[in-house]
Amino acid sequence: MPGLAAPTPIADTLFLAAFEQARAAGYRLGDGAEHQFRYAADQAAAQIEAAGSEEAAGAMLEHARRSFATMIATMIEGAETIEGYRAAQPGTIGEVTFTHAMGKLCPLWPFC
């Protein structure tokens with residue numbers, strides 16, 4: 001992945017919502033997963049900001065919010081069902097659970 005640009009308010013909103021959802025469930029994002037979420041937030045923000053109208057941008061933002069929430073929920077499900085994961089990575093959803101979620105959810109914009 002190319003270097004990340006400075007986060008925008010939209011990217012920050014998306015990332016922080018995912019971060020808080022994980023935290024509320026007793027998890028934190030591992031470094032690799034955090035990077036993937038920041039990258040997806042940046043990609044979504046760029047596309048939302050380029051939308052042709054406020055209505056389109058609003059619809060895209062809501063879609064992105066749902067996608068981020070779905071990704072976190074599926075990663076948490078993976079943490080609880082992947083054999084040995086919880087013992088190896090207590091309180092963390094990371095690259096293994098991210099890959100698990102991608103396998104179940106793709107194509108899920110803006111992750112896939």
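In the predicted model, Glu20 and Arg23 both belong to helix H1, where they stand 3 residues apart, or about one turn of the helix. The two residues form a salt bridge whose closest N and O atoms are 2.6 Å apart. Glu20 is partly exposed, its relative accessibility being 35%, whereas Arg23 is among the exposed residues on the face of H1 that is turned away from the buried side, together with Pro9 and Ala24.

The helix that carries this pair, H1, runs over residues 9–24 and comprises 16 residues, and the distance from its first C-alpha to its last is 22 Å, close to the 22 Å expected at 1.5 Å a residue. Its buried residues are Ala11, Leu14, Phe15, Ala18 and Ala22. When H1 is viewed down its axis, these buried residues fall within an arc of 90°, and they therefore line one face of the helix. The elements against which the buried residues of H1 pack are strand S1 (28–29), helix H2 (31–49), helix H3 (54–81) and strand S2 (92–93). After H1 comes Gly26, which has a positive phi, near 90°.

Helix H3, one of the elements packed against the buried residues of H1, contains Ala64. With a relative accessible area of 0%, Ala64 is buried. Apart from residues up to four places away in sequence, the contacts of Ala64 are with Leu14, Ala44, Ile48 and Trp109; of these, Leu14 is itself listed among the buried residues of H1. The C-alpha atom of Ala64 is separated by 9.2 Å from that of Leu108, a residue 44 positions apart from Ala64 along the chain.

Across the whole structure, 4 salt bridges are found, among them two further pairs that involve helix H3. In the pair formed by Glu62 and Arg66, the closest N and O atoms are 3.8 Å apart, and both residues lie in H3, 4 residues apart, which again corresponds to about one turn of the helix. Both partners are partly exposed, Glu62 with a relative accessible area of 36% and Arg66 with a relative accessibility of 47%. In the other pair, the side chains of Glu77 and Lys104 meet in a salt bridge with an N to O distance of 3.5 Å. This pair links distant parts of the chain, given that Glu77 is located in helix H3 and Lys104 in helix H5 (residues 95–105), 27 residues apart. Glu77 is likewise partly exposed, at 26% relative accessibility.

Aromatic contacts were examined next. An aromatic ring pair is described by the distance of the centres and the angle of the planes. The count for the structure comes to 6 aromatic pairs. In one of them, Phe37 and Phe68 are arranged edge-to-face, with 5.7 Å from centre to centre and 70° between the planes. Phe37 is located in helix H2 and Phe68 in helix H3, 31 residues apart, and the pair thus links distant parts of the chain. Both residues are buried, Phe37 with a relative accessible area of 0% and Phe68 with one of 2%. Phe68 also pairs with Phe111: the ring centres are 4.8 Å apart and the planes stand at 50°, so this pair is tilted, an angle of over 60 degrees being required for the edge-to-face class. The pair of Phe68 and Phe111 also links distant parts of the chain, Phe68 being in helix H3 and Phe111 in the segment after H5, 43 residues apart. At a relative accessibility of 11%, Phe111 counts as buried, the cut-off for this class being under 20%. Through ring pairs, Phe37, Phe68 and Phe111 are joined with Phe98 into a cluster.

Key: Residues numbered from 1 in each chain as written. Predicted model: local features only at pLDDT ≥ 70, side-chain atom pairs only at ≥ 80, totals over all residues. Heavy atoms only, no water. Helix = DSSP H or I, 4+ residues; strand = E, 2+ residues; numbered from the N terminus. Expected span 1.5 Å × (residues − 1). Buried < 20%, exposed > 50% of the residue type's maximum accessible area, 1.4 Å probe, protein only. Arc of directions from axis to C-beta. Contact = heavy atoms within 4.5 Å. Phe/Tyr/Trp six-rings, centres within 6.5 Å; stacked < 30°, edge-to-face > 60°.
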